[in-house]
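User: I would like to learn how to read the features of a protein model. Could you take me through some of them in turn?

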Amino acid sequence: MKFLPTLLLTSAMFAQPSYDLLLKGGHVIDGKNKISAVRDVAIRDGKIAEVAADIPAARAAKVVDVSGLYVTPGLVDIHVHVYAGTGKRGAYCGDNSVYPDGFTFRAGVTTVADAGSSGWRNFPDFKDRVIDRSQTRVLAFLNIVGAGMRGAKFENNLADMEAGPTADMALRHKDVIVGIKTAHYTGPEWTPVERAVDAGAKAGIPIMVDFGDNRAERPSSDLWTKKLRPGDIYTHCFSGLRNELDASGHVNPAMLEGRRRGVIFDVGHGGGSFAWRDSISTDLHIGSMNSGMKDMLNVMSKFLAMGLSMDDVILRSTWNPAREIHHEELGNLSPGSPADVTVLRLETGDFGYTDMYGARLRGKQKLVCELTVRNGKVVYDLNGITRPDWEALPENYTQTGDTRWDSITPARRTAPRRK
Ligand SMILES: [Zn+2]
(Lines give C-alpha, C1' and ligand atoms only; values in the text may rest on other atoms or scores of the structure.)
Protein backbone atom coordinates (compact mmCIF):
# COMPACT_ATOMS: atom_id res chain seq x y z
CA MET A 1 0.00 0.00 0.00
CA LYS A 2 3.02 2.18 0.39
CA PHE A 3 3.20 2.99 -3.33
CA LEU A 4 -0.47 3.83 -3.75
CA PRO A 5 -0.10 7.63 -3.50
CA THR A 6 2.44 7.48 -6.32
CA LEU A 7 0.04 5.49 -8.50
CA LEU A 8 -2.78 7.91 -7.81
CA LEU A 9 -0.61 10.83 -8.66
CA THR A 10 0.48 9.19 -11.91
CA SER A 11 -3.06 8.39 -13.03
CA ALA A 12 -4.15 11.92 -12.13
CA MET A 13 -1.41 13.25 -14.39
CA PHE A 14 -2.61 11.10 -17.30
CA ALA A 15 -6.25 12.03 -16.70
CA GLN A 16 -5.36 15.71 -17.08
CA PRO A 17 -4.29 16.35 -20.69
CA SER A 18 -1.40 18.76 -20.83
CA TYR A 19 -2.38 20.26 -24.21
CA ASP A 20 -5.62 21.93 -25.30
CA LEU A 21 -5.29 21.14 -29.01
CA LEU A 22 -3.06 18.80 -31.01
CA LEU A 23 -2.77 19.02 -34.81
CA LYS A 24 -1.49 15.59 -35.75
CA GLY A 25 0.37 14.32 -38.80
CA GLY A 26 0.48 17.44 -41.00
CA HIS A 27 3.42 18.70 -43.05
CA VAL A 28 4.69 21.65 -41.02
CA ILE A 29 6.33 24.56 -42.86
CA ASP A 30 7.97 26.98 -40.44
CA GLY A 31 10.52 29.19 -42.18
CA LYS A 32 11.89 30.74 -39.00
CA ASN A 33 12.72 27.35 -37.51
CA LYS A 34 13.70 25.84 -40.88
CA ILE A 35 11.15 23.03 -40.60
CA SER A 36 9.51 21.49 -43.66
CA ALA A 37 8.53 17.99 -42.54
CA VAL A 38 5.72 15.95 -41.01
CA ARG A 39 5.32 17.12 -37.42
CA ASP A 40 2.70 17.31 -34.68
CA VAL A 41 1.85 20.74 -33.28
CA ALA A 42 0.59 21.02 -29.68
CA ILE A 43 -1.10 24.14 -28.27
CA ARG A 44 -1.74 25.15 -24.68
CA ASP A 45 -3.21 28.38 -23.22
CA GLY A 46 -3.21 30.13 -26.59
CA LYS A 47 0.49 29.47 -27.22
CA ILE A 48 2.47 26.98 -29.27
CA ALA A 49 3.59 24.41 -26.69
CA GLU A 50 5.49 21.77 -28.67
CA VAL A 51 6.35 20.83 -32.25
CA ALA A 52 7.66 17.27 -32.53
CA ALA A 53 7.62 14.15 -34.68
CA ASP A 54 5.17 12.22 -32.51
CA ILE A 55 3.21 13.75 -29.65
CA PRO A 56 0.90 11.16 -27.99
CA ALA A 57 -2.79 11.81 -28.66
CA ALA A 58 -3.63 11.08 -25.02
CA ARG A 59 -1.84 14.25 -23.97
CA ALA A 60 -4.37 16.60 -25.60
CA ALA A 61 -7.97 17.52 -24.84
CA LYS A 62 -8.64 17.65 -28.60
CA VAL A 63 -6.78 15.90 -31.40
CA VAL A 64 -7.29 16.82 -35.06
CA ASP A 65 -5.95 14.56 -37.81
CA VAL A 66 -4.38 16.86 -40.40
CA SER A 67 -2.41 14.23 -42.31
CA GLY A 68 -2.10 15.08 -45.99
CA LEU A 69 -2.40 18.79 -45.19
CA TYR A 70 0.09 21.59 -44.64
CA VAL A 71 0.38 23.23 -41.22
CA THR A 72 1.84 26.74 -41.25
CA PRO A 73 2.04 29.76 -38.98
CA GLY A 74 -1.09 31.93 -39.30
CA LEU A 75 -0.65 33.98 -42.48
CA VAL A 76 0.45 37.61 -42.11
CA ASP A 77 -0.89 40.03 -44.74
CA ILE A 78 0.85 43.39 -44.36
CA HIS A 79 -1.15 45.34 -46.94
CA VAL A 80 -4.92 45.56 -46.48
CA HIS A 81 -7.55 48.29 -46.12
CA VAL A 82 -9.96 47.57 -43.26
CA TYR A 83 -11.04 51.00 -41.99
CA ALA A 84 -14.69 50.34 -42.88
CA GLY A 85 -17.88 51.73 -41.45
CA THR A 86 -17.22 55.49 -41.43
CA GLY A 87 -19.67 56.16 -44.24
CA LYS A 88 -17.09 58.06 -46.29
CA ARG A 89 -17.76 57.45 -49.97
CA GLY A 90 -14.95 56.53 -52.39
CA ALA A 91 -12.30 56.61 -49.65
CA TYR A 92 -10.08 53.94 -48.11
CA CYS A 93 -10.98 55.42 -44.71
CA GLY A 94 -14.53 54.42 -45.57
CA ASP A 95 -16.41 52.57 -48.29
CA ASN A 96 -13.31 51.25 -50.12
CA SER A 97 -12.31 49.29 -47.02
CA VAL A 98 -13.77 45.98 -45.83
CA TYR A 99 -14.27 44.57 -42.32
CA PRO A 100 -11.46 42.06 -41.81
CA ASP A 101 -13.02 38.99 -40.20
CA GLY A 102 -15.10 38.00 -43.24
CA PHE A 103 -11.98 37.91 -45.45
CA THR A 104 -9.13 36.77 -43.23
CA PHE A 105 -9.79 33.48 -41.42
CA ARG A 106 -11.30 31.76 -44.47
CA ALA A 107 -8.02 32.49 -46.29
CA GLY A 108 -5.82 31.36 -43.39
CA VAL A 109 -4.87 34.91 -42.44
CA THR A 110 -4.64 35.65 -38.70
CA THR A 111 -2.81 39.01 -38.79
CA VAL A 112 -3.30 41.98 -41.11
CA ALA A 113 -1.66 45.37 -41.26
CA ASP A 114 -3.84 48.17 -42.57
CA ALA A 115 -1.71 50.13 -45.04
CA GLY A 116 -2.37 53.74 -44.14
CA SER A 117 -6.15 54.02 -44.36
CA SER A 118 -6.00 56.21 -41.24
CA GLY A 119 -3.69 59.03 -40.19
CA TRP A 120 -3.02 60.49 -36.76
CA ARG A 121 -6.29 62.47 -36.76
CA ASN A 122 -8.59 59.47 -37.29
CA PHE A 123 -6.51 56.56 -35.98
CA PRO A 124 -8.36 56.59 -32.60
CA ASP A 125 -11.65 56.20 -34.48
CA PHE A 126 -10.18 53.35 -36.60
CA LYS A 127 -8.96 51.65 -33.43
CA ASP A 128 -12.32 51.94 -31.69
CA ARG A 129 -14.38 51.08 -34.76
CA VAL A 130 -12.40 48.13 -36.19
CA ILE A 131 -9.13 47.17 -34.48
CA ASP A 132 -10.58 46.65 -30.99
CA ARG A 133 -13.68 44.84 -32.29
CA SER A 134 -12.09 42.36 -34.69
CA GLN A 135 -11.15 38.75 -34.01
CA THR A 136 -8.38 39.15 -36.59
CA ARG A 137 -5.20 40.68 -35.19
CA VAL A 138 -5.28 44.10 -36.88
CA LEU A 139 -2.08 46.16 -36.94
CA ALA A 140 -1.62 49.40 -38.85
CA PHE A 141 0.69 51.58 -40.88
CA LEU A 142 -0.26 55.16 -39.99
CA ASN A 143 -0.63 57.46 -42.99
CA ILE A 144 1.69 60.48 -43.00
CA VAL A 145 -1.45 62.41 -44.02
CA GLY A 146 -3.29 63.32 -40.81
CA ALA A 147 -6.69 62.70 -42.43
CA GLY A 148 -5.56 59.32 -43.81
CA MET A 149 -6.78 58.04 -47.17
CA ARG A 150 -9.74 60.34 -47.52
CA GLY A 151 -9.39 61.02 -51.24
CA ALA A 152 -7.07 62.84 -53.63
CA LYS A 153 -7.65 66.34 -52.24
CA PHE A 154 -6.67 65.26 -48.72
CA GLU A 155 -3.85 62.94 -49.79
CA ASN A 156 -2.13 65.70 -51.77
CA ASN A 157 -2.31 68.27 -48.97
CA LEU A 158 1.32 68.77 -47.91
CA ALA A 159 0.20 70.92 -44.96
CA ASP A 160 -1.44 67.87 -43.34
CA MET A 161 1.73 65.75 -43.53
CA GLU A 162 3.26 66.36 -40.11
CA ALA A 163 5.99 64.09 -38.79
CA GLY A 164 5.58 65.16 -35.14
CA PRO A 165 1.92 64.30 -34.42
CA THR A 166 2.25 61.21 -36.62
CA ALA A 167 5.22 59.89 -34.63
CA ASP A 168 3.50 60.80 -31.33
CA MET A 169 0.42 58.75 -32.25
CA ALA A 170 2.61 55.83 -33.38
CA LEU A 171 4.50 55.88 -30.07
CA ARG A 172 1.23 56.05 -28.10
CA HIS A 173 0.07 52.83 -29.81
CA LYS A 174 3.35 50.96 -30.19
CA ASP A 175 1.60 47.59 -29.88
CA VAL A 176 -0.60 48.25 -32.91
CA ILE A 177 1.12 50.81 -35.17
CA VAL A 178 3.93 49.04 -37.04
CA GLY A 179 4.96 51.66 -39.58
CA ILE A 180 4.23 54.89 -41.47
CA LYS A 181 2.61 54.92 -44.92
CA THR A 182 2.86 57.38 -47.75
CA ALA A 183 0.66 56.79 -50.79
CA HIS A 184 -1.13 58.17 -53.84
CA TYR A 185 0.83 61.43 -54.03
CA THR A 186 0.65 63.08 -57.44
CA GLY A 187 2.90 66.14 -57.00
CA PRO A 188 6.57 66.58 -57.93
CA GLU A 189 7.86 67.02 -54.35
CA TRP A 190 9.73 64.51 -52.20
CA THR A 191 7.96 65.97 -49.13
CA PRO A 192 5.58 63.03 -48.43
CA VAL A 193 8.44 60.51 -48.46
CA GLU A 194 10.73 62.77 -46.42
CA ARG A 195 8.06 63.47 -43.78
CA ALA A 196 7.20 59.76 -43.58
CA VAL A 197 10.89 58.88 -43.08
CA ASP A 198 11.13 61.62 -40.45
CA ALA A 199 8.09 60.24 -38.58
CA GLY A 200 9.42 56.68 -38.95
CA ALA A 201 12.79 57.71 -37.53
CA LYS A 202 11.15 59.51 -34.59
CA ALA A 203 8.97 56.49 -33.77
CA GLY A 204 11.61 53.86 -34.60
CA ILE A 205 9.48 52.06 -37.21
CA PRO A 206 9.72 51.41 -40.97
CA ILE A 207 7.79 53.24 -43.67
CA MET A 208 5.82 51.70 -46.53
CA VAL A 209 5.68 53.56 -49.83
CA ASP A 210 3.05 53.42 -52.55
CA PHE A 211 4.87 55.89 -54.80
CA GLY A 212 1.77 57.42 -56.41
CA ASP A 213 2.23 59.10 -59.77
CA ASN A 214 5.44 58.42 -61.68
CA ARG A 215 7.16 61.86 -61.77
CA ALA A 216 10.49 62.67 -63.43
CA GLU A 217 11.19 65.18 -60.62
CA ARG A 218 11.31 62.35 -58.07
CA PRO A 219 12.48 59.22 -59.91
CA SER A 220 11.81 55.84 -58.32
CA SER A 221 15.52 54.99 -58.73
CA ASP A 222 16.35 57.73 -56.19
CA LEU A 223 13.66 56.41 -53.87
CA TRP A 224 15.22 52.92 -53.80
CA THR A 225 18.89 53.96 -53.72
CA LYS A 226 18.79 57.18 -51.63
CA LYS A 227 15.55 58.06 -49.89
CA LEU A 228 14.44 54.80 -48.29
CA ARG A 229 16.28 53.40 -45.30
CA PRO A 230 17.17 49.72 -44.86
CA GLY A 231 13.99 48.02 -43.61
CA ASP A 232 11.66 50.46 -45.36
CA ILE A 233 9.13 48.78 -47.64
CA TYR A 234 8.38 49.47 -51.30
CA THR A 235 4.91 48.04 -52.02
CA HIS A 236 3.21 47.31 -55.36
CA CYS A 237 6.68 46.24 -56.50
CA PHE A 238 5.31 44.35 -59.52
CA SER A 239 2.94 46.98 -60.84
CA GLY A 240 5.34 48.03 -63.61
CA LEU A 241 3.94 51.55 -63.31
CA ARG A 242 7.01 53.26 -61.86
CA ASN A 243 10.03 52.10 -63.87
CA GLU A 244 10.34 48.80 -61.99
CA LEU A 245 11.36 47.39 -65.38
CA ASP A 246 13.71 49.12 -67.81
CA ALA A 247 12.90 49.68 -71.51
CA SER A 248 14.11 46.19 -72.44
CA GLY A 249 11.88 44.55 -69.80
CA HIS A 250 14.62 43.76 -67.32
CA VAL A 251 14.56 44.61 -63.63
CA ASN A 252 15.67 48.21 -63.08
CA PRO A 253 19.24 47.97 -61.67
CA ALA A 254 18.30 50.67 -59.12
CA MET A 255 15.77 48.26 -57.64
CA LEU A 256 18.49 45.64 -57.22
CA GLU A 257 20.78 48.25 -55.67
CA GLY A 258 17.99 49.27 -53.28
CA ARG A 259 17.51 45.68 -52.24
CA ARG A 260 21.26 45.33 -51.57
CA ARG A 261 20.91 48.38 -49.30
CA GLY A 262 18.19 46.52 -47.35
CA VAL A 263 15.06 48.06 -48.85
CA ILE A 264 12.19 45.54 -48.75
CA PHE A 265 10.06 44.77 -51.80
CA ASP A 266 6.48 43.74 -51.10
CA VAL A 267 3.95 42.46 -53.62
CA GLY A 268 0.84 44.43 -52.66
CA HIS A 269 -0.55 42.25 -55.47
CA GLY A 270 0.58 42.91 -59.03
CA GLY A 271 1.10 40.88 -62.14
CA GLY A 272 4.78 40.25 -62.85
CA SER A 273 7.43 37.96 -61.50
CA PHE A 274 11.02 38.31 -60.44
CA ALA A 275 13.42 35.72 -59.09
CA TRP A 276 13.07 37.30 -55.66
CA ARG A 277 10.60 39.18 -53.52
CA ASP A 278 10.42 39.63 -49.80
CA SER A 279 6.78 39.43 -48.79
CA ILE A 280 3.46 38.53 -50.36
CA SER A 281 0.49 40.76 -49.49
CA THR A 282 -2.93 41.38 -50.97
CA ASP A 283 -3.89 45.08 -50.89
CA LEU A 284 -7.35 43.84 -49.90
CA HIS A 285 -10.06 46.44 -50.56
CA ILE A 286 -13.36 46.61 -52.42
CA GLY A 287 -11.59 47.02 -55.77
CA SER A 288 -9.37 43.95 -55.40
CA MET A 289 -11.55 41.49 -53.47
CA ASN A 290 -13.40 40.19 -56.54
CA SER A 291 -10.77 40.88 -59.23
CA GLY A 292 -7.35 39.34 -59.90
CA MET A 293 -6.40 39.46 -56.24
CA LYS A 294 -9.39 37.72 -54.52
CA ASP A 295 -7.64 36.72 -51.30
CA MET A 296 -4.28 35.87 -49.74
CA LEU A 297 -4.39 32.21 -50.79
CA ASN A 298 -5.19 33.14 -54.40
CA VAL A 299 -2.16 35.47 -54.48
CA MET A 300 0.01 32.75 -52.91
CA SER A 301 -1.29 30.16 -55.41
CA LYS A 302 -0.41 32.58 -58.21
CA PHE A 303 3.20 32.56 -57.00
CA LEU A 304 3.15 28.74 -56.98
CA ALA A 305 1.95 28.94 -60.60
CA MET A 306 4.88 31.28 -61.39
CA GLY A 307 7.28 28.63 -60.12
CA LEU A 308 7.95 29.51 -56.48
CA SER A 309 8.16 26.50 -54.14
CA MET A 310 5.63 25.86 -51.39
CA ASP A 311 8.30 26.51 -48.72
CA ASP A 312 9.21 29.85 -50.35
CA VAL A 313 5.58 30.96 -50.68
CA ILE A 314 4.86 30.17 -47.02
CA LEU A 315 8.05 31.93 -45.84
CA ARG A 316 7.00 35.08 -47.74
CA SER A 317 3.51 34.97 -46.23
CA THR A 318 4.50 34.31 -42.61
CA TRP A 319 7.98 34.85 -41.18
CA ASN A 320 9.22 37.42 -43.71
CA PRO A 321 6.30 39.86 -43.28
CA ALA A 322 6.33 39.35 -39.48
CA ARG A 323 9.99 40.44 -39.42
CA GLU A 324 9.33 43.37 -41.75
CA ILE A 325 6.79 44.82 -39.29
CA HIS A 326 9.04 44.03 -36.30
CA HIS A 327 6.60 41.52 -34.80
CA GLU A 328 8.90 38.53 -34.54
CA GLU A 329 6.54 36.74 -32.16
CA LEU A 330 4.31 36.18 -35.23
CA GLY A 331 4.78 34.15 -38.39
CA ASN A 332 6.43 31.17 -36.70
CA LEU A 333 5.60 28.07 -34.65
CA SER A 334 8.26 28.41 -31.94
CA PRO A 335 7.12 27.19 -28.51
CA GLY A 336 5.84 30.26 -26.65
CA SER A 337 4.63 32.09 -29.77
CA PRO A 338 0.92 32.98 -30.06
CA ALA A 339 -0.89 29.90 -31.38
CA ASP A 340 -1.99 31.36 -34.71
CA VAL A 341 -1.93 28.35 -37.02
CA THR A 342 -3.23 27.69 -40.52
CA VAL A 343 -3.97 24.28 -42.08
CA LEU A 344 -3.90 24.30 -45.87
CA ARG A 345 -4.84 21.81 -48.57
CA LEU A 346 -2.83 21.95 -51.80
CA GLU A 347 -5.26 20.92 -54.52
CA THR A 348 -4.21 19.85 -58.01
CA GLY A 349 -6.28 20.47 -61.11
CA ASP A 350 -6.75 23.07 -63.83
CA PHE A 351 -6.81 26.53 -62.30
CA GLY A 352 -6.34 30.08 -63.57
CA TYR A 353 -4.93 33.28 -62.10
CA THR A 354 -5.47 36.73 -63.53
CA ASP A 355 -3.34 39.86 -63.35
CA MET A 356 -4.38 43.50 -62.93
CA TYR A 357 -5.27 43.77 -66.61
CA GLY A 358 -7.30 40.55 -66.60
CA ALA A 359 -4.80 38.32 -68.43
CA ARG A 360 -4.86 34.68 -67.34
CA LEU A 361 -2.05 32.45 -66.14
CA ARG A 362 -2.88 28.76 -65.94
CA GLY A 363 -1.85 26.80 -62.87
CA LYS A 364 -1.97 23.21 -61.68
CA GLN A 365 -2.12 23.95 -57.96
CA LYS A 366 -4.42 25.86 -55.65
CA LEU A 367 -4.20 26.44 -51.91
CA VAL A 368 -7.39 26.02 -49.88
CA CYS A 369 -7.75 26.83 -46.19
CA GLU A 370 -9.09 23.89 -44.18
CA LEU A 371 -8.62 25.23 -40.66
CA THR A 372 -7.57 28.47 -38.97
CA VAL A 373 -6.55 28.72 -35.34
CA ARG A 374 -6.23 32.11 -33.68
CA ASN A 375 -4.72 32.35 -30.18
CA GLY A 376 -5.14 28.59 -29.77
CA LYS A 377 -8.82 28.45 -30.74
CA VAL A 378 -10.42 27.21 -33.93
CA VAL A 379 -11.95 30.21 -35.73
CA TYR A 380 -12.55 28.60 -39.15
CA ASP A 381 -13.11 24.99 -40.15
CA LEU A 382 -14.10 24.55 -43.82
CA ASN A 383 -15.03 20.85 -43.76
CA GLY A 384 -15.66 20.36 -40.07
CA ILE A 385 -12.49 18.33 -39.53
CA THR A 386 -12.53 19.27 -35.84
CA ARG A 387 -16.12 18.00 -35.46
CA PRO A 388 -17.74 14.61 -34.70
CA ASP A 389 -20.08 12.99 -37.24
CA TRP A 390 -23.63 13.89 -36.28
CA GLU A 391 -24.84 10.29 -36.45
CA ALA A 392 -22.32 9.32 -33.79
CA LEU A 393 -23.79 11.80 -31.30
CA PRO A 394 -26.60 11.17 -28.82
CA GLU A 395 -30.06 12.22 -29.98
CA ASN A 396 -30.18 15.33 -27.84
CA TYR A 397 -26.71 16.58 -28.61
CA THR A 398 -26.04 20.25 -28.00
CA GLN A 399 -22.49 21.51 -27.76
CA THR A 400 -19.80 19.67 -29.73
CA GLY A 401 -16.94 22.03 -29.03
CA ASP A 402 -15.03 22.98 -25.94
CA THR A 403 -13.89 26.48 -24.99
CA ARG A 404 -10.32 25.21 -24.53
CA TRP A 405 -9.92 24.96 -28.32
CA ASP A 406 -13.15 26.13 -29.98
CA SER A 407 -14.42 29.64 -30.62
CA ILE A 408 -16.82 28.83 -33.47
CA THR A 409 -19.85 27.11 -32.01
CA PRO A 410 -21.74 29.13 -29.45
CA ALA A 411 -23.30 27.32 -26.53
CA ARG A 412 -26.87 26.41 -27.50
CA ARG A 413 -29.66 25.45 -25.17
CA THR A 414 -31.92 23.45 -27.41
CA ALA A 415 -31.01 20.39 -29.37
CA PRO A 416 -32.08 20.00 -32.99
CA ARG A 417 -34.75 17.28 -33.41
CA ARG A 418 -33.71 14.25 -35.36
CA LYS A 419 -36.36 12.65 -37.62
ZN1 LIG B 1 -3.21 49.78 -50.61
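**Strands, helices and one tryptophan**

Analyst: In this predicted model, strands β14 and β15 run antiparallel and are joined by 4 bridges.

User: What is the order of the strands in the open sheet, and is the pairing parallel or antiparallel?

Analyst: The order is β6-β7-β8-β9-β10-β11-β12, which makes 7 strands, and the pairing is parallel. β6 and β12 (264-265) each have a single partner strand, so they stand at the edges and one side of each has no neighbour in the sheet. For a pair within the sheet, take strand β8 (residues 137-143) and strand β9 (residues 177-182): they run parallel and 4 bridges join them. There, L142 has I180 in β9 as its bridge partner.

User: Now the helices. How is a pair of packed helices described?

Analyst: Two packed helices are described by the distance between their axes and the angle between them. Take helix α5 (residues 163-172) and helix α6 (residues 191-203): their axes come within 8 Å and cross at roughly 40°. The crossing of α5 past α6 is right-handed. On the α5 side the contact is made by A163, T166, A167, A170 and L171, and on the α6 side by R195, D198, A199, K202 and A203. These residues divide into 6 nonpolar, 1 polar and 3 charged.

User: At what angle do α7 and α8 cross, and which residues meet?

Analyst: The axes of helix α7 (residues 220-227) and helix α8 (residues 253-261) cross at roughly 20° and come within 8 Å. That makes the two helices, α7 and α8, roughly parallel. α7 passes α8 in a left-handed crossing. S221, W224 and T225 of α7 meet A254, M255, E257, G258 and R261 of α8. By class, this contact has 3 nonpolar, 3 polar and 2 charged residues.

User: Is helix α9 mostly covered or mostly uncovered, and what covers its buried residues?

Analyst: Helix α9 (residues 296-305) is mostly covered, with 8 of its 10 residues buried. The buried residues include M296, L297, F303 and L304. What covers them includes β6 (75-80), β7 (109-119), α10 (310-315), β13 and β14. After α9 comes G307, with a positive phi near 110°.

User: Last, a single residue. Why does W405 count as buried?

Analyst: A residue needs 20 or more C-beta neighbours within 10 Å to be buried. W405 has 22 inside 10 Å, so it counts as buried. W405 is found in the segment after β15 (377-381). Leaving aside neighbours within four places in sequence, W405 is in contact with D20, L21, A61, K62, G376, K377 and V378. V378 is 27 residues from W405 along the chain, yet their C-alpha atoms are separated by 6.1 Å.

Note on methods:
Residues are numbered from 1 along each chain as its sequence is written. This is a predicted model: local features need pLDDT of at least 70, side-chain atom pairs count only at pLDDT 80 or more; totals for chains, interfaces and linings use all residues. A residue is buried if 20 or more other C-beta atoms lie within 10 Å of its own, exposed if 12 or fewer, and partly exposed in between; C-beta atoms are placed from the backbone. Two residues are in contact if their C-beta atoms, placed from the backbone, lie within 7 Å. Axes are lines fitted to C-alpha atoms, for helices over the stretch in contact, and angles run from 0 to 180 degrees between N-to-C directions. A crossing is left-handed if the near helix is turned anticlockwise from the far one by less than a right angle, and right-handed if clockwise. Ala, Val, Leu, Ile, Met, Phe, Trp, Tyr, Cys and Pro count as nonpolar, Asp, Glu, Lys and Arg as charged, and the others, Gly among them, as polar. Two strands pair if DSSP finds at least two bridges between them. Angles under 35 degrees count as roughly parallel, over 145 as roughly antiparallel, 65 to 115 as roughly perpendicular and the rest as oblique.
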